[in-house]
Amino acid sequence: MKPAPFDYVRCDSLEEAAEVIAQHGDAVRVLAGGQSLMPMLNMRLSRPSVLADIMQAGDARQITADKATLRIGAGVRQTALSAYPDLCKINPLLARALPWVGHTQTRARGTVCGSVAHADPSAEIPLTLAALDGTVILRRGGKRRRVTASDFFLGMMLTDKADDEIIEAVEFPILSEGTGVGFCEVGRRKGDFAIVACAALVSPDRVRLAVGGVNDTPVIRDWDAFDPAEESDALNALAWSLDAREDLHASARYRRDLVRSLGAKALQEARTCAA
Amino acid sequence: MRRLNADQRHKIGMTLNGRPVEGYAVPRLLLSDFLRHELAATGTHVGCEHGVCGACTVRIDGMMARSCLTLAVQVDGAVIDTVEGLAPDAERLSVLQSAFRKHHALQCGFCTAGILMSLDTLLRDTPDADEHQIRDVLSGHLCRCTGYHTILNAAIEAAATLKKDIQDA
Ligand code: FES
Ligand code: FES
């Protein structure tokens, strides 16, 4: 297999990448870690005539954290984020989800923003971004706009990013003190895309469950007052409200079952972690 | 900014197994094909060519990576290690390779080059790697022959030998 021919542009900054995109429009694809785009190119599901490689762009490599947000630049590899000091304190949910993202061999090159751009319905990073009400920062030329995760993911591999925009960074809000997190998933083999993945957030006044792998985009469910005695009913109602479908990997019924069992497990993990 | 034209061959230089090498690549040439066809380094195998099987795994700048998901032009100037560089000399296998031989950790050998590169990297970075870590790294590979247990046993023994070597030194 080989990709269809393209010109390759090695960009030294995101600004240069934005210029290339402005010049060629939808004929360009941005190449970061390549762990999602390269398979698409090899199978010729995508045939851009120009590839703009941003991995040499120094301004794309930054991870910055302040009191309110953790900001991850377009060129930050998943491994680099895992190794970020105190990630499990700054963003414990992300720290728990990252080991589930692909394999060591793909995390070494794959980027955080690349996974967001690819928007696979079963991918862990988009699920985490949605669970935490994160933001995607899009850039067109010198202009930027901010889109919340819930508005960004529109469907299976479909996002609000226009062809002439580039993801500059994503931002994860820092959780308030006393919020517990949990993350569980089931896949055919460790590192494969999830059949179902659940992320849970539990604080004194709110319980949230985010479910990936069932609908075309991550689904978020919030409860203000969550009566643990009614947990199994709540999870059952959630499972039935989703658009579970049968495919090669699992039946719809198995998916609903996983929502119930993984949901309970993730919530339990979050409660233990909050306590 | 450096722009490489689609239909031209461009000079690519890299350090392959400690030696500087050069070759030519059109932008769409995969690193796996560059190694095999341009540099005649056919130790690296190609299975699925979309990142699933791990047969093509090499080390890029010290990190294990799929060479079928990397363009040759992306790694111009990089340090690449492949299975050809594992044995200390022509007469001797590495500790990990010897353990593979002893435990029958390969049958057809198609997956072996990639698995060796991943495990070699793990044991180099984490000499006290435990079974859990070895399994985790192995999850990035498919083997159609062995059933994995022999591979696991070989890796566990190699890890123990390497740890002892470090302690003795
Ligand atoms: S050939 Fe590269 S992962 Fe299968
Ligand atoms: S030894 Fe045959 S595929 Fe692994």
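This is a predicted model: local features need pLDDT of at least 70, side-chain atom pairs count only at pLDDT 80 or more; totals for chains, interfaces and linings use all residues.
Residues are numbered from 1 along each chain as its sequence is written, chains are lettered from A and ligands numbered from 1 in the order in which they are written. Local features need pLDDT of at least 70, side-chain atom pairs count only at pLDDT 80 or more, and totals for chains, interfaces and linings use all residues, while side-chain values use heavy atoms, with hydrogens and water left out.

An unreviewed UniProt entry annotates residues 1–177 of chain A as "domain: FAD-binding PCMH-type". Such positions are given in the numbering used here, with feature names shortened, and annotations may be inferred rather than shown by experiment. Over residues 1–177, chain A is 31% helix and 25% strand. The end C-alpha atoms of this stretch are 50 Å apart. Helices (H or I, at least four residues) and strands (E, at least two) are DSSP runs, numbered from the N terminus.

Chain A and chain B bury about 3100 Å² between them. Buried area is the accessible area (1.4 Å probe) that two parts lose on being put together, summed over both. Carbon and sulfur atoms carry 52% of it. Chain A gives 38 residues to the contact and chain B gives 35 residues; contact means heavy atoms within 4.5 Å. The interface holds 2 salt bridges. A salt bridge is a side-chain nitrogen of Lys or Arg within 4 Å of a carboxyl oxygen of Asp or Glu. B:Asp136 pairs with A:Lys190 in a salt bridge, with the closest N and O atoms 2.8 Å apart.

B:Thr70 sits in the loop between β5 (63–66) and β6 (79–81) of chain B. B:Thr70 is buried, at a relative accessible area of 0%. Buried means under 20% relative accessible area, exposed over 50%, and partly exposed in between (1.4 Å probe, protein chains only). Neighbours within four places in sequence aside, B:Thr70 is in contact with A:Arg109, B:Leu30, B:Leu31, B:Ile60 and B:Val75. The C-alpha atoms of B:Thr70 and B:Ser32 are separated by 7.9 Å, and these residues are 38 apart along the chain.

Over all chains, the structure holds 30 salt bridges. A:Arg144 and A:Glu168 form one of them, with the closest N and O atoms 2.7 Å apart. A:Arg144 lies in strand β7 (residues 143–148) and A:Glu168 in strand β10 (residues 166–173) of chain A, so the pair ties together parts that are 24 residues apart in sequence. A:Arg144 is partly exposed at 49%, whereas A:Glu168 is buried at 8% relative accessibility. A:Glu171 and A:Arg146 also meet in a salt bridge (2.9 Å, N to O). A:Glu171 lies in strand β10 and A:Arg146 in strand β7, so this pair links parts 25 residues apart in sequence. A:Glu171 is buried at 10% relative accessibility, while A:Arg146 is exposed at 54%.

In chain B, B:Arg135 and B:Glu131 form a salt bridge (2.9 Å, N to O). Both lie in helix α4 (residues 131–138), 4 residues apart, about one turn of the helix. B:Arg135 is partly exposed at 44% relative accessible area. B:Glu131 is partly exposed at 37%. In chain A, salt bridges that share partners join A:Arg71, A:Arg139, A:Arg144, A:Arg146, A:Glu168 and A:Glu171 into one network.
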